[in-house]
Amino acid sequence: MTEDTTEAERKMQFLYALRSKGVTDKRVLSAMETIDRGPFIRGIFAGRAYEDMPLPIACGQTISQPSVVGLMTQALALTPRDKVLEVGTGSGYQAAILSRLARRVYTVDRHSRLVREARALFDEMNLTNITAITADGSYGLPDQAPFDRILVTAAAEDPPSTLMDQLKTGGIMVIPVGQSDAVQHLIVVRKTENGLEYDELRQVRFVPLLEGLGNDA
Ligand code: SAH
């Protein structure tokens with residue numbers, strides 16, 4: 001009984017933190033309520049899974065802050081018909097959220113260990129519309145292109161043109177832009193018939209988008 005209350009309180013606090021930081025889309029909030037962040041964080045930080053902060057995961061990477069996950073997901077304005085590419089699987093948490101709101105999610109990471117571990121979680125959670133692949137996501141996923149939405153969860157100095165090319169007209173890409181050791185800006189790019197439209201969401205801090213595969217691959 002006591003444990004149940006604590007769990008419910010934690011969940012309420014988690015959702016409250018999201019709302020107070022600007023995550024207001026009901027479908028996004030509901031997806032984030034359904035997908036438990038706990039299993040995506042292992043080891044000594046597991047107890048902090050419901051706090052609104054980024055946390056370390058394997059391979060020297062980080063799982064993003066939940067409110068940033070929420071804001072990026074919201075900015076994608078997903079529809080249930082969408083085919084989405086995520087670059088930077090990391091823990092798999094963001095991909096799991098996307099899978100609740102889109103038709104199909106392809107997620108790539110340069111570290112094969114992260115991809116393997118994320119895949120196991122997707123299976124456990126029965127999230128059957130996610131395909132996780134070890135690849136250098138700077139080149140996108142040509143076999144599955146074009147995409148309705150692209151989400152990059154590592155910072156690039158410029159939005160890679162290969163990724164832009166793999167976005168459908170009418171599509172949206174969300175990407176943190178800036179140097180890895182400096183302030184980065186979360187950018188929303190809309191590809192229209194008349195060209196690209198850019199919007200800046202907020203300042204963020206992400207690990208860098210690196211070239212090539214990780215050395216565990
Ligand atoms: N979205 C993740 C957090 C991503 S952290 C989550 O929900 O947990 C950023 C990830 O981007 C890291 O796992 C890193 O390995 C990956 N990454 C960096 N450069 C990459 C590249 N060129 N291709 C694919 N993945 C890359």
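Predicted model: local features only at pLDDT ≥ 70, side-chain atom pairs only at ≥ 80, totals over all residues.
**Contacts, cores and strands**

Reader: Which side chains face a nitrogen atom of the ligand?

Author: Asp 136 has a side-chain N or O atom 2.8 Å from a ligand nitrogen. For Thr 153, the distance to a ligand nitrogen is 3.1 Å. In total, 28 residues surround the ligand, each having a heavy atom within 4 Å of it. The closest are Ser 91, Asp 109, Asp 136, Gly 137 and Leu 210.

Reader: How do you know that Gln 61 makes a polar contact within the protein?

Author: Its side chain reaches the backbone oxygen of Cys 59 at 3.0 Å. Within protein, one atom must be able to donate a hydrogen and the other to accept it, and residues adjacent in sequence count only if both atoms are side-chain atoms. Gln 61 sits in the loop between strand E1 (55-56) and strand E2 (62-63). Helices (H or I, at least four residues) and strands (E, at least two) are DSSP runs, numbered from the N terminus.

Reader: Why is H3 called largely enclosed?

Author: Nine of its ten residues are buried, so the rest of the structure largely encloses H3. Buried means under 20% relative accessible area, exposed over 50%, partly exposed in between (1.4 Å probe, protein chains only). The buried ones include Val 68, Leu 71 and Met 72. After H3 comes Ala 77, with a positive phi near 45 degrees.

Reader: What makes a group of residues a nonpolar core?

Author: Its members are buried Ala, Val, Leu, Ile, Met, Phe, Trp, Tyr and Cys residues, joined through side-chain atoms within 4.5 Å. The largest such core has 48 residues. Phe 40, Tyr 93, Phe 122 and Val 174 have the most contacts inside it. Helix H4 (93-101) gives the most, with six residues. A second, separate core of 18 residues includes Val 152 and Met 173.

Reader: What does Phe 40 touch?

Author: Beyond its neighbours within four places in sequence, its contacts (heavy atoms within 4.5 Å) include Ile 57, Tyr 93, Ala 96 and Phe 122.

Reader: How do you know that E8 and E9 pair?

Author: Eight bridges join them, and they run antiparallel. Pairing takes at least two bridges found by DSSP, so E8 and E9 count as paired. The two form a hairpin with two residues between them. Gln 184 has Val 204 of E9 as its bridge partner, and His 185 stands opposite Gln 203.

Reader: Why are E5 and E9 called edge strands?

Author: The open sheet of seven strands has the order E5-E4-E3-E6-E7-E8-E9, with mixed pairing. E5 and E9 each have a single partner strand, so one side of each lacks a neighbour in the sheet.

Methods. Residues numbered from 1 in each chain as written. Heavy atoms only, no water. Polar contact = N/O pair within 3.5 Å; in protein donor to acceptor, adjacent residues only side chain to side chain.
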